[in-house]
Amino acid sequence: MDIPYAEGMVCQMASQQSISTLSIVFMSISAALSILVPIGTVIFMGIKKRLNWKAMLCGALLFFIFVLILENLMHVAVLGSDPTKSPIYNDPILYMIYGGFAAGIFEETARLLGFKFLIKVNKNESIDTGISYGLGHGGIEAILIGGLTAVGNLITSVMLNSGVLNSMTGTMNSEELESFNGAVKALSTTPPDMFLVSGIERLIALVLQISLSLFILKAAAEKKWLYFIYAILIHAGVDMLAILFKTDVIRDIYVLEALVLLATAAAAIIAFRISKRKPLEDLPGVQ
């Protein structure tokens, strides 16, 4: 049964809340970083004729299949429909190991299969193939996870501040109003800088995805499978940092982002160095 008095109270609470201008600015920046940066990089590489369209599309497709479908199905199988009730989820160490390696193994295996059987790379493969794959994989991730969320928050904030949402709440029942008010409260109470951190995080993740793609390109093109293991370990390690934050082992978001940035920078430097190194048999005078 709906309680008109309760509905009025929730509606009134929603109408009294507003989103700060700084939050809206940072949402806009976050959306631009998550959407325009990967798309702009693709356009730039395309203009320079350095983009491998097949590799880019392959990266986006395999991200969708392996991460959004297969990995999620495994999570349901292992953790159950309600992960919070799983013994693994409630053990920080087990959850960190499981979460880190689940992501690492699924995503790096997707890359390896893509390079080996769909793109069919060889030992003379251009570094652009790895970058293109990383743009597809990391780009679609940035757009779906960071971009759409930022755009949704931005639209909601602008509509709330302009009063448009007030007219919409009149058609909601008490449960819908309560849920809506909770979402608005979350937006209004989130510190503005957190919206900016989200966009920066997506940018760092994009660089990491490109770097890991170069590791796997090296493994697939030159049959140096140790680089496949390196990629899994790097990927798992970065995801473990995120889980440590989620489980309150790391309590400061800026400490987390600093650690992820350092790990990503190290991975990127190594990835680009090994990508420029020629196989030993290709060096002059070496038989």
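This is a predicted model: local features need pLDDT of at least 70, side-chain atom pairs count only at pLDDT 80 or more; totals for chains, interfaces and linings use all residues.
Colleague: How far apart are the end C-alpha atoms of H10, and what span should its residues give?
Modeller: H10 has 24 residues, and at 1.5 Å a residue they should span 34 Å. That expectation is 1.5 Å times one less than the number of residues, and helices here are DSSP runs (H or I, at least four residues; strands are E, at least two), numbered from the N terminus.

Colleague: Which residues link into a cluster through ring pairs?
Modeller: Rings of Phe, Tyr and Trp (its six-membered ring) pair if their centres lie within 6.5 Å; planes under 30 degrees apart count as stacked, over 60 as edge-to-face and the rest as tilted. Both Phe-215 and Tyr-227 are buried. Their ring centres are 6.3 Å apart with planes at 50°, so this pair is tilted. Ring pairs join into a cluster Phe-215, Tyr-227 and Tyr-230.

Colleague: The structure holds 4 aromatic pairs. How many residues separate Phe-115 and Tyr-133 in sequence?
Modeller: The ring centres of Phe-115 and Tyr-133 lie 4.9 Å apart and the planes are at 40°, so the pair is tilted. Phe-115 is buried at 0% relative accessible area, and Tyr-133 is buried at 0% too. Phe-115 sits in helix H4 and Tyr-133 in helix H5, so the pair ties together parts whose separation in sequence is 18 residues.

Colleague: Which residues are closest to the centre of the largest pocket?
Modeller: A pocket is an open set of points on a 1 Å grid over the protein atoms alone, with protein on both sides within 12 Å along at least five of seven lines; a cavity is a set where a 1.4 Å probe fits but cannot get out. Points are joined across faces, edges and corners, and the volume is the space filled by probe spheres set on them. The largest pocket holds about 900 Å³. Of its 31 lining residues (an atom within 4 Å of a point), the closest to the centre are Glu-141, Ile-145, Arg-202, Asp-239 and Ala-242.

Colleague: Which helices each supply at least two residues of that pocket's lining?
Modeller: The lining divides into 17 nonpolar, 6 polar and 8 charged residues. Ala, Val, Leu, Ile, Met, Phe, Trp, Tyr, Cys and Pro count as nonpolar, Asp, Glu, Lys and Arg as charged, and the others, Gly among them, as polar. The helices that each give at least two lining residues are H3, H4, H5, H8, H9 and H10.

Colleague: What is the phi of Lys-49?
Modeller: Most residues other than glycine have a negative phi. Lys-49 lies in the loop between H2 and H3, and it is exposed at 77% relative accessible area. Although it is not a glycine, Lys-49 has a positive phi of about 60°.

Methods. Residues are numbered from 1 along each chain as its sequence is written. Side-chain values use heavy atoms; hydrogens and water are left out. Buried means under 20% relative accessible area, exposed over 50%, partly exposed in between (1.4 Å probe, protein chains only).
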